[in-house]
Amino acid sequence: MQIQSKLPNVGTTIFTVMSQLAMKHQAVNLGQGFPDFEGPEALRVALNRYMHEGKNQYAPMTGVPRLREQIALKTAALYGRPVNADSEVTVTSGATEALYAAIAAIVRAGDEVIVLDPCYDSYEPAIELNGGKAVHVELTLPDFSVDWQRVHDACTSKTRAIIVNSPHNPSGAVFSRADLDALAEIARRHDLIVISDEVYEHIVFDGVDHQSVLRHPELAERSFVISSFGKTYHCTGWKIGYCVAPAALSAEFRKVHQYLTFCTFNPAQWALADVLEQMPEHYRELPAFYQDKRDQFRAMLAGTRFKLLPVAGAYFQIVDYSDISDQDDRAFCEWLCAEKGVAAIPVSAFYQRAPEARLIRFCFAKNDVTLQAAATRLQGL
Ligand SMILES: Cc1ncc(COP(=O)(O)O)c(C=O)c1O
């Protein structure tokens, strides 16, 4: 039976394609963004314990109260925003579910939503499935900064929302306070809802503070702020995330969440509540942990002809390979995987209209031996 696709332009994601290619060529996989090391032992022990203690039935629809309470405490401590754990915090099955629920809660047929290219690949299909249209505004190379005038120019009477992402995947660029002010100005002028994807909130380098939209009272009033425990606790496979939004926005968000998944894996919520409460040093030490990996990886590539773009946050290193090859980035990634045994992601995959740049993304959320193995294979390029 044939059906007319609602997502005719969607195929297998480049992350899956490159991971399969990495397996085929037994390549070191610096493509897909997941750590090859474990999170805190205490987290896994707690998960086991809660399963054995019988926390195996449906969790409350909005999330385990203890976990929501810990998220609210962390939000107040880090961003100075007191949020109500009962009405403003919802636990979701990964940030991906939260992004979808936020988009579905607000986008109506014909609405436009601004996305900043290069961007995470789940935004546009979620907008389209809800009858909306993604309007792509490109970030400015080489530093992937936002040209807020271009964002303003892209707004029309149909613009309903903007999706922002800091720290940014794939570039690692981070928002400054001035970015938040510019975003607030545009959101006010065009009456936009903001969906702020902050899954790498705890991975910001060089002593800089993460500029969450929750720090900005005016923005916080009109924003869904989304995060992921997968990124913070090295457990991407658990798919636990959350959304912080004002009560009225959260109420609509929860109507979608209720029928999308209803609730999220129960024992992991209890375990995460424990580590948030008992080990705040884990997320406080995360910047130094990943900064060390960033610095090591950059030092390892220093002798190659890759030009390393700056990395202010998240766990990705974009490199310019134009001194090595004229191939387009997808062909170059395929060549790199097959011939050099290292998998990366072509940056054009994050664009609607990719610029004439020769850029690929490596993930450095890897053990030192993995990074060293990759670097050894890349030497001589
Ligand atoms: C920018 C960004 N947003 C959202 C997600 C999805 O997070 P989760 O795995 O919690 O669904 C990712 C994961 O790679 C990401 O990089």
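Domain bounds here come from an automatic or database domain assignment. With that settled, I looked up how the chain is divided: domain 1 covers 14-39 + 282-378, and domain 2 covers 54-278. I keep in mind that this is a predicted model.

**Entry 1: overall build**

I began with the secondary structure. The chain has 14 helices and 13 strands. Next I checked the extent of the C-alpha trace. Along the principal axes of the chain, the trace spans about 55 × 55 × 55 Å. Then I asked how the radius of gyration compares with that of a compact globule. For 381 residues, such a globule would have a value near 21 Å; the chain has 20 Å, so the two agree.

**Entry 2: the two domains**

How far apart are the centres of domain 1 and domain 2? Taken over C-alpha atoms, I find 25 Å between them. I then looked at who touches whom. On the side of domain 1, 35 residues are in contact with 31 residues of domain 2.

The size of an interface is often given as the accessible area lost when the parts come together. Between domain 1 and domain 2, the buried area is about 3000 Å². Carbon and sulfur atoms give 62% of that area.

**Entry 3: polar links across the interface**

I went on to the charged and polar pairs. Side chains of opposite charge can pair when their charged atoms come close. Across the interface of domain 1 and domain 2, I note 2 salt bridges. The same interface has 11 residue pairs in polar contact, with both residues at pLDDT 80 or more.

Which elements give two or more residues to the side of domain 1 that touches domain 2? I list helix 12 (281-301), strand 10 (316-320) and strand 13 (359-363). Helix 12 gives the most, with 9 residues. I also sorted the residues on this side of domain 1 by type. They divide into 24 nonpolar, 6 polar and 5 charged.

**Entry 4: salt bridges**

I counted salt bridges for the structure as well, and the total is 22. I looked up two pairs by name. In one, the side chains of Asp274 and Arg49 meet at 3.1 Å, N to O.

Where do the cis peptide bonds I looked up lie? One joins Asp117 and Pro118, with omega about 5°. Pro118 is in the loop between strand 3 (112-117) and helix 5 (123-129). Another joins Leu141 and Pro142, also with omega about 5°. I place Pro142 in the loop between strand 4 (133-138) and helix 6 (148-154).

Asp191 is not a glycine, yet its phi is positive, about 50°. I find Asp191 in the loop between helix 7 (177-190) and strand 6 (193-197).

Conventions: Residues numbered from 1 in each chain as written. Predicted model: local features only at pLDDT ≥ 70, side-chain atom pairs only at ≥ 80, totals over all residues. Heavy atoms only, no water. Contact = heavy atoms within 4.5 Å. Buried area = accessible area lost by both parts, 1.4 Å probe. Salt bridge = Lys/Arg side-chain N within 4 Å of Asp/Glu carboxyl O. Polar contact = N/O pair within 3.5 Å; in protein donor to acceptor, adjacent residues only side chain to side chain. Helix = DSSP H or I, 4+ residues; strand = E, 2+ residues; numbered from the N terminus. Nonpolar A, V, L, I, M, F, W, Y, C, P; charged D, E, K, R; others polar. Rg over C-alpha atoms; globule rule 2.2 N^0.38 Å.
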